[in-house]
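Open the model in your viewer and keep the selection tool at hand.

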Amino acid sequence: MTIKPMIRNNICLNSHPEGCARMVRNQIAYVKKELGSSSKAPKLVLVVGCSTGYGLSSRIAAGFGYGAATVGVSFEKAGTETKCGTPGFYDNLAFDQEAKKAGLVSRTLDGDAFSNEIKAQSIEALKAAAAEAGIPAKVDLIVYSIASPVRTDPKDGVMYRSVIKPIGAPYSGQTMDMLSGKLTTVSAEPANEEEIANTVKVMGGEDWELWIEALEKAGVLADEVRTLAYTYIGPELSWAIYKNGTIGRAKEDLERAANTIHQKLSKKGGAAWVSVNKALVTRASAVIPIIPLYISSLFRVMKDKGLHEGCVEQ
């Protein structure tokens with residue numbers, strides 16, 4: 001099957017099923033080699049945002065590295081007669097196929113992770129996965145790895161949209177076309193208070209808290225449950241548009257949520273963290289001014305030094 005890449009604004013709009021499957025198999029091979037059984041390994045795992053990036057790698061590590069039964073949630077599109085499916089759709093398909101071959105229990109749900117409906121369906125999926133695996137229906141690891149530009153609040157039904165903007169002053173910096181290597185200068189006006197609040201609403205920690213509340217109310221949290229979300233700081237050169245911009249405000253709220261969740265879970269031995277990880281190519285990073293240029297340079301240097309890591313190595 002020949003599929004020509006369709007690139008727009010550094011985002012690949014299509015994907016190849018076999019390429020996605022091979023990537024998943026490569027990650028599986030890595031974790032099988034590097035990880036092994038442990039008395040403290042997770043047995044029942046929920047990954048919210050399981051189809052790409054750190055979410056996918058976390059699910060692969062839990063399942064194929066430690067033998068955990070996994071439930072994954074993501075919002076993807078299947079292919080049609082004229083269009084390819086999203087990369088995450090093929091990633092999920094490959095994961096479930098490989099899990100079945102390996103005798104691992106997996107359930108993958110497709111839908112809006114921000115909604116109450118998907119939270120309820122996920123709880124039932126966790127119970128079903130636990131029953132199939134012959135283990136208690138008590139999830140002991142929750143990975144929250146959502147990346148979305150919009151979010152509909154289940155409480156008021158309002159859709160909020162995030163923006164990638166600086167705060168307080170305009171921003172101007174170089175970015176790079178990933179195909180041609182051409183450098184261009186991009187500018188962004190500062191966000192207003194509504195845009196800042198909306199970005200926090202979409203990309204902050206409120207939904208993570210709602211997941212924990214729903215799981216706790218359903219009685220499916222293990223006493224020593226661990227939960228984590230991922231974040232990124234970036235080079236100081238990018239802070240005006242990233243760390244000190246609207247995204248940074250959302251990341252601050254993610255840390256706030258982690259502290260709140262940790263205080264709640266720690267009463268029974270549980271814990272919550274925000275994991276700070278290295279720069280990687282994602283749909284978000286590809287469109288943030290200066291980040292494509294920085295990542296291109298970073299990867300070259302790290303590969304030359306033998307230090308480069310992708311999601312699964314992290």
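Select Lys 264. With a relative accessibility of 33%, Lys 264 is partly exposed, a class that lies between buried (under 20% relative accessible area) and exposed (over 50%), using a 1.4 Å probe and protein chains only. This is a predicted model, in which local features need pLDDT of at least 70 and side-chain atom pairs pLDDT 80 or more, while totals for chains, interfaces and linings use all residues. Residues are numbered from 1 along each chain as its sequence is written, and side-chain values use heavy atoms, without hydrogens and water.

The term means a side-chain nitrogen of Lys or Arg within 4 Å of a carboxyl oxygen of Asp or Glu. Glu 216 sits in helix α6 (residues 206-217) and Lys 264 in helix α7 (residues 246-265), so the pair links distant parts of the chain, 48 residues apart. Helices here are DSSP runs of H or I with at least four residues, strands are runs of E with at least two, and both are numbered from the N terminus. Glu 216 is partly exposed too, because its relative accessibility is 40%.

Next, select Lys 201 and Asp 153. Their side chains form a salt bridge at 2.8 Å, N to O. Lys 201 belongs to helix α5 (residues 193-203), and Asp 153 to the loop between β7 (150-152) and β8 (159-161). Buried or exposed, Lys 201 and Asp 153? Both are buried.

Move to helix α8 (residues 291-304) and pick Arg 300 and Asp 304, four residues apart, about one turn of the helix. Their closest N and O atoms are 3.5 Å apart, in another salt bridge. Asp 304 is exposed, because its relative accessible area is 60%. Arg 300 is exposed as well, at 58%. The model has 14 salt bridges in total.

Last stop: the cavity. Select Met 178, Val 281, Ser 285, Ala 286, Pro 292 and Ile 295, which line the largest cavity. A cavity is a set of points on a 1 Å grid over the protein atoms alone where a 1.4 Å probe fits but cannot get out; lining residues have an atom within 4 Å of a point. The space inside is about 40 Å³. The count is one cavity of 30 Å³ or more.

How values were computed:
1 Å grid on protein atoms, 1.4 Å probe; cavity = no way out; pocket = protein on both sides within 12 Å on 5 of 7 lines; lining within 4 Å. Points joined across faces, edges and corners; volume = space filled by probe spheres on them.
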